[in-house]
Every structure is written in structure tokens, then in C-alpha cells.
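Please have a look at the sequence and the model first.

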Amino acid sequence: MTLAERIKHARTQAGFTQITFSEAIGCTQPVVSRYENGKNIPSLARLQTIAEACEVSFEWLATGNGQMAIQTLAS
């Protein structure tokens with residue numbers, strides 16, 4: 001899965017439209033579309049914001065390695 005595909009997958013799994021997602025991560029809908037089409041590559045800071053908004057692992061989002069879900073520590 002490419003970075004563009006992972007971004008789109010994370011967004012849709014989190015229940016965002018491109019518009020609501022763009023608002024959540026602080027950019028415009030056309031920018032989200034370019035990320036998802038592979039025409040633009042988000043900065044590492046933006047990838048972190050995307051991972052947090054979608055509640056996915058930064059490692060998975062950035063590289064495709066590891067688990068998609070955020071690992072939590074049991075209390």
C-alpha cells in the first residue's frame with residue numbers, strides 16, 4: 001500500500017470526508033485530494049497530525065510497517 005493509499009484508508013476508516021478531514025488537519029480539501037492521489041507528499045509534521053486525527057500509528061502511516069492501530073499500554 002502506498003503512502004497515498006494509507007492516508008485515504010486511515011481517513012475513511014476514521015469516518016472523515018475529505019472536507020471534514022481537511023478541517024481536522026488544518027489544510028484545504030484540494031490538498032487532501034493531492035495527498036490521496038500521490039501528487040503531494042505531506043511533511044512529517046503533517047503526517048503526525050494525520051496519524052493523530054485518524055488515531056493510527058505514525059510508523060504505519062509513514063512507512064507501512066507495523067500495526068495500523070495505535071498500541072496502548074495496559075494499566
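Predicted model: local features only at pLDDT ≥ 70, side-chain atom pairs only at ≥ 80, totals over all residues.

Residues are numbered from 1 along each chain as its sequence is written, and side-chain values use heavy atoms, leaving out hydrogens and water.

Let us start with helix H1, residues 3-13 (helices are DSSP runs of H or I, at least four residues, numbered from the N terminus). Ala 4, Arg 6, Ile 7, Ala 10 and Arg 11 of H1 are buried, that is, under 20% relative accessible area with a 1.4 Å probe, protein chains only. They sit on the same side of H1, because their arc around the axis is only 165 degrees (taken from the directions from the helix axis to the C-beta atoms). After H1 comes Gly 15, with a positive phi near 85 degrees.

| Helix | Residues |
|---|---|
| H2 | 18-25 |
| H3 | 29-36 |
| H4 | 44-54 |
| H5 | 58-63 |

Contact here means heavy atoms within 4.5 Å.

Finally, the charged pair: Glu 36 forms a salt bridge with Arg 11, with the closest N and O atoms 2.4 Å apart. The term stands for a side-chain nitrogen of Lys or Arg within 4 Å of a carboxyl oxygen of Asp or Glu. Glu 36 belongs to helix H3 and Arg 11 to helix H1, so the pair ties together parts 25 residues apart in sequence. Both Glu 36 and Arg 11 are buried.

Methods: Buried < 20%, exposed > 50% of the residue type's maximum accessible area, 1.4 Å probe, protein only. Helix = DSSP H or I, 4+ residues; strand = E, 2+ residues; numbered from the N terminus.
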